[in-house]
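Biologist: I have some labels to check against their cut-offs. Show me the model, and we will take them one by one.

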Amino acid sequence: MKRAIKKVAVLGSGVMGSRIACHFAGTGVQVLLLDIAPPAPEGGFRKAADKNKIVNDALAAAVKSNPSPVYHKDVIKKIRTGNFEDHMPEIAACDWIIEVVVERLDIKQKIFEQVERYRKPGTLVSSNTSGIPIHMMAEGRSEDFKKHFCGTHFFNPPRYLRLLEIIPTPHTDPAVVDFLMQYGDLYLGKTTVLCKDTPAFIANRIGVFSMMYIMHVKEQLQLSVDEVDALTGPVIGRPKSATFRTADVVGIDTLVKVAKGVADNCPADEARHYFTIPGWLDTLVTNNWLGDKSGQGFFKKVKGAGGEKEILTLNLQTMEYAPRVKPKFAALEAAKPVDDLYTRLKMLTGSGDKAGEFYRLFHYGLFSYISHRIPEISDEIYRVDDAMMAGFGWEIGAFESWDVMGLVKTTSAMKAAGFAVAPWVDAMIAAGFTSFYKVENGQKQCYDPSTGTYKGLPGGEAFIVMSNHAGKEVWKNASCRLYHLGDEVLGLQWFTKMGSIGSDVLSGIQTAVEKAEKGYKGLVIANEGANFSAGANVGMIFMFAIEQDYDELNMAIRFFQQTMMRARYSSVPVVVAPHGLTLGGACELNLHADKCVPAAETYTGLVELGVGLIPGGGGTKEFVLRAADEMHEDEPETITLKNRFLAIATAKVATSAHEGFRMGIYRNGQDEWVMNPGRRIAEAKKSVIEIYDSGYTTPVPRTDIKVLGQSGLGALYAGIHAMQTANYATAHDALVARKLAYVMCGGDLSEPTLVSEQYLLDLEREAFLSLCGEKKTLERIQSVLKSGRPVRN
């Protein structure tokens, strides 16, 4: 059966239901969002609109929430709300019905009884339950219902957490499972993980064990809440919320509920005792100290004596709050300057201090636990790692961590410390296998315990990881690696902090283009990790500016501009595949590519005004060029220029690829976005081949860019003056904005004129250099460098 999803019904509009509805609408699907009608007032009369109050209020709250559940506000137009009493018959027109009501089996079964009454045969039905056995919900339903029913467990917030667990029952048609696995990947941008119908499925089973076991190790080593969170955050590739902060965000009552559920329903779990709730954790629930939802948990926000916000930490011995204390561990200090996570993890677990002892105990317990969960919760190892990375935000999976620490060596150390591993691990090592994962011909493979062999991961060529092509390295420097991705396409990536673009990276781009021109069809530029790039290396700019070495600074900015133009005017197609933060200079690279293939979650913009500069790598020039191309005879010429000017002047960042198209950073009909970030490099490679095979020719540098001169300057200067007069802009802000306006209008020309790209680049560079001498600009750059955060608006 060829199946298409055009309309989805979401039953239940709570925190998860409303946000699942928003995510589907963001992908272009029509959504019917239903919930209960509120009780009738005394007298029994209710207006029709009042019956939708619960669902409408829930959707409105979701849309206003931060982070936003939608790619752009117009998405809401695709969601129609209603109530179970009046609108349940409308599910007959839906292709997929998702239940997201309260976690009670009896209520879910009543909902499914109504669903059965109105759904058309063949319609997909699923539950978003996080813990109720899937097969129990389908009891008493028809054969067709059972055949098309399974669990689809989204993680909150659905737009940002990429995990979608697919949990079939014994009655679920395998074709339905295959469809949902593919649909979730392609159209929802999810890492779809096939799970068995076991308590807490995969991610929560392993994730909650990890948290509960850490609490056990905390007691054993007498560590504080602050110490544990310092040890279990980004330093080991985990989210900033680490352990106890994560519990506060999720809800301590939720953590306890899942832990008790595993303890009650998994009598054969060899680590079941770790799910026992410690007395102090029970006290938190009794006191209603449930985390963010109740205002306090392991942490509590208060106002200090001066009115400033202060975060207090709970002392679990005294059950009293006290100011946070920054933990000090020699291992953490030594690991700070190490950017590579694999190297850092080996350093930390090998450390001789208390931190090292914690890391060994924690990882030994985790590795023991995951080994015994195969094949209970999954037949495949990689599904466990996928679930933890996509659902809990781990940068590296548990089995992969075991590989990094050394499978054979670590297993031996575990046994010596009293930690058992599952028999299949012993059999694997005895057979001579030394890792769970390996790479062959650019494709990652995973050990399969059931056959004792390695098998390729699903997706194959659709998921290109550049690092997997290390055996086909064409060139490298200190920061960059250039690989042959196959099919006569090169791939460039770099390894700098936050993906910053300095001289090494610029040289890498130039070299990559040069080598691609000599014997390949084209070049893909992409990066791995959390982000594409936070922009140009502002530290280098600051160093030259503070030393007043303007000749070097001029050369550096000129080199940046030349590199962008080299990408634009290469003789082979250059395709950029960004994701995550793509700011400043990285945005400029996007603007000069033949094509961009951004992931849906790409946050891009020209943010240089945030540090008192203007885009100096061709970004200002490119916005002028595009504004000129967008001018229409039936509207004032200043309109499009003003829109482009404001985008730079306010350092506006697109909060999604969708918004990037609306801002004119990405081009309709030329660039294309992909929902699943794991697919962007493969799609970019495909685009290189298509563009080359269709007869790519080198573009001609533009000399026909219309600039408005004094007529445009007058309008922009008036707006800048008004902003400064109304105290919306400081004197320095106004100075920078006037410099920007001057460049974007082509200078103080007496009339509209056609100019070249190089003319605008020269103006752009002059303005950039002059601003580097401003005291306020240097202060802002220094502030950004001290914070360690990227330049933002």
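Modeller: Contact here means heavy atoms within 4.5 Å. The model is predicted. Apart from residues up to four places away in sequence, Thr129 touches Glu103, Lys108, Ile134, Met137, His153 and Phe201.

Biologist: Why is Thr129 called buried?

Modeller: Buried means under 20% relative accessible area. Thr129 has 0%, so Thr129 is buried. Thr129 sits in the loop between β5 (124-127) and α5 (134-137).

Biologist: What makes the pair of Thr129 and Ile132 a polar contact?

Modeller: The limit for a pair of N or O atoms is 3.5 Å. A polar atom of the Thr129 side chain lies 3.0 Å from the backbone nitrogen of Ile132. That distance is within the limit.

Biologist: How do you know that β4 and β5 pair?

Modeller: Pairing needs at least two bridges. β4 and β5 have four, in the parallel sense, so they pair. The chain goes from β4 through helix α4 (residues 105-118) to β5, a right-handed β-α-β crossover.

Biologist: What pairs with β4 in the parallel sense over four bridges, besides β5?

Modeller: Strand β1 (residues 7-11) does. Ala9 has Ile97 of β4 as its bridge partner.

Biologist: What makes both faces of β4 (residues 96-99) covered?

Modeller: Trp96 and Ile98 are buried on one side, Ile97 and Glu99 on the other.

Biologist: Why are β15 (473-476) and β21 (595-596) called edge strands?

Modeller: The open sheet has six strands, in the order β15-β16-β17-β18-β19-β21, with mixed pairing. β15 and β21 each pair on one side only.

Technical notes: Residues are numbered from 1 along each chain as its sequence is written. This is a predicted model: local features need pLDDT of at least 70, side-chain atom pairs count only at pLDDT 80 or more; totals for chains, interfaces and linings use all residues. Side-chain values use heavy atoms; hydrogens and water are left out. Helices (H or I, at least four residues) and strands (E, at least two) are DSSP runs, numbered from the N terminus. Buried means under 20% relative accessible area, exposed over 50%, partly exposed in between (1.4 Å probe, protein chains only). A polar contact is a pair of N or O atoms within 3.5 Å; within protein, one must be able to donate a hydrogen and the other to accept it, and residues adjacent in sequence count only if both atoms are side-chain atoms. A crossover is right-handed if, with the strands pointing away from the viewer, the path from the first strand over the helix to the second runs clockwise.
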